[in-house]
Amino acid sequence: MIPTDWLGPQEWQAVRLSLRVAAVATLASLPLAVAVAWLLARRRFPGHGLVSGIVHLPLILPPVVTGYLLLVTFGTQGPVGSLLKPLGIVFAFRWTGAALACGIMSFPLMVRAIRLGFEAVDPKLEQAAATLGAPRAWIFLTVTLPLIMPAILAGATLGFAKAMGEFGATITFVSNIPGQTQTLPSAIYALLQVPSGDAAALRLVLVSVVIAMGAVLVSEWLARRMAERIEARR
């Protein structure tokens, strides 16, 4: 356990906000990542390469460019943001915008990991279930989904870790407002700009490492448990 007095109030705010943003970004992106991964792995259609390229674009573009595009699109004067503002939905310079930026930046990693899981599933297993008269949705839920669960966990872990460490797109889209949009990377950056901030920055770096390693270890444990259950059913 980390002693509560080891970090200052503003530092704890950054830790809590980062966990909140990363969790929301991962949970919100995961269902769409599974759907897109299935589409890219199991279907061939005109524009398949284009869709794959668009999905992976955040990995190629500089994060600042992604953040700028989000600001232009989802800002209160943007084409999407101006439509959402009357509904009370605002992303720019809000923690929800940080979650949106983190979700978009981590999305390609999640899709890639889950897509590999779909491609590793033997189609004969699904075909065998289909010959028994099972509907496609039931086959997906009872056959395919359990088999790719380790890949989903891996993708979710990668997405969470990426969201925890996202900086460029986030600071461009939602700025660096303490208590509102200041995540761990932003807080570390801000502390490094002041002469007496090195010690606090180092503490936040250690917290980041502990959280990232904890997420990886939990994911590995869950993946092993899922693999053992799948093997026990065979």
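The second largest pocket holds about 360 Å³ of space. A pocket here is an open set of points on a 1 Å grid over the protein atoms alone, where a 1.4 Å probe fits, with protein on both sides within 12 Å along at least five of seven lines; lining residues have an atom within 4 Å of a point. Volume is the space filled by probe spheres set on the points, which are joined across faces, edges and corners. This is a predicted model, in which local features need pLDDT of at least 70 and side-chain atom pairs count only at pLDDT 80 or more, while totals for chains, interfaces and linings use all residues. Residues are numbered from 1 along each chain as its sequence is written, and side-chain values use heavy atoms, without hydrogens and water.

Among the residues that line the second largest pocket are W38, R42, E126 and F140. At least two lining residues come from each of α1, α6 (123-131) and α7 (136-165); helices are DSSP runs of H or I with at least four residues, numbered from the N terminus. The lining has five nonpolar, two polar and four charged residues. Nonpolar means Ala, Val, Leu, Ile, Met, Phe, Trp, Tyr, Cys and Pro, charged means Asp, Glu, Lys and Arg, and the others, Gly among them, are polar.

The largest pocket has a volume of about 450 Å³. Its lining has 23 residues, with P58, L70, L100, G103 and I104 nearest the centre. α5 gives the most to this lining, seven residues.
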